[in-house]
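Work through the exercises below with the structure open. Try each task before reading its solution.

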Amino acid sequence: APASPPVAAAPPPAPQYHYVGGLDPDGDGFLALRAGITPEAPRLARMPEGTLLTVLETQGVWRRVRLLDGSEGWAHSNWIRCCAAAPAAQPRAEGPSCDRLWHERNAIWAAHGYCFTSPRGIAAFGSRGCFRDQAQAQAAMSAADLAAIDRILAQEAALGCR
């Protein structure tokens, strides 16, 4: 009997990011990343509107999430949206790869409280709840955050992103 032709492996699925959305415009301007599944659990980070994340686990109304910088913790599901409606998921004029890299890089800055001043930065991450300038935000970053930013900047340069 003739041998069956080999079956090609399916390509791996593209990562599916969720994002922080629907925050109260009169509220704090961020969703807390917490060490546990209660509002009293220590806050690990502030996640402003538009912060990209991956949902890892569900416990009731809480989601264990991983941020783009690798930080993990728990967040209330009321403000976690599926990526299909994420504003950053829409390609911009410079192309989807440059847009994705720009958003990934700036999500790290936003996660550390950086206050964006450009119209694009404000549109993507808002201006409420920020509390640091560039030097303060950079000082708060881990070595992994800084390495991720350097890696993304190199990718943007290689693609000719503006």
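**Exercise 1. Overall build**

What percentage of the 162 residues of the protein chain count as buried?

*Solution.* The model is predicted: local features need pLDDT of at least 70, side-chain atom pairs count only at pLDDT 80 or more, and totals for chains, interfaces and linings use all residues. Residues are numbered from 1 along each chain as its sequence is written, and side-chain values use heavy atoms, with hydrogens and water left out.

- Step 1. Apply the cut-offs: buried is under 20% relative accessible area, exposed is over 50%, and partly exposed lies in between (1.4 Å probe, protein chains only). The buried share is 38%.
- Step 2. Read off the elements, taken as DSSP runs numbered from the N terminus (helices H or I, at least four residues; strands E, at least two). The chain has 4 helices and 7 strands. From the N terminus, their order is β-β-β-β-β-β-β-α-α-α-α.

**Exercise 2. Gln-59**

*Solution.* 

- Step 1. Gln-59 belongs to strand β4 (residues 52–59).
- Step 2. Gln-59 counts as partly exposed because its relative accessibility is 35%.
- Step 3. Look for contacts (heavy atoms within 4.5 Å). Leaving aside residues up to four places away in sequence, Gln-59 touches Ile-37 and Trp-74.
- Step 4. Check for polar contacts: N or O atoms within 3.5 Å, where within protein one must be able to donate a hydrogen and the other to accept it, and residues adjacent in sequence count only if both atoms are side-chain atoms. The side chains of Gln-59 and Glu-57 make one at 3.3 Å.

**Exercise 3. Pocket and cavity**

*Solution.* 

- Step 1. On a 1 Å grid over the protein atoms alone, a cavity is a set of points where a 1.4 Å probe fits but cannot get out; a pocket is an open set with protein on both sides within 12 Å along at least five of seven lines; lining residues have an atom within 4 Å of a point. Volume is the space filled by probe spheres set on the points, which are joined across faces, edges and corners.
- Step 2. The second largest pocket holds about 280 Å³. Its lining has 13 residues, with Asp-28, Phe-30, Leu-31, Ala-32 and Trp-79 nearest the centre. Strand β2 (residues 30–34) gives the largest share, 4 residues.
- Step 3. The structure has 3 cavities of 30 Å³ or more. Of its 15 lining residues, Pro-48, Ala-110, Gly-113, Gly-129 and Cys-130 are closest to the centre. β3 (43–48) and α1 (96–111) each supply at least two lining residues.
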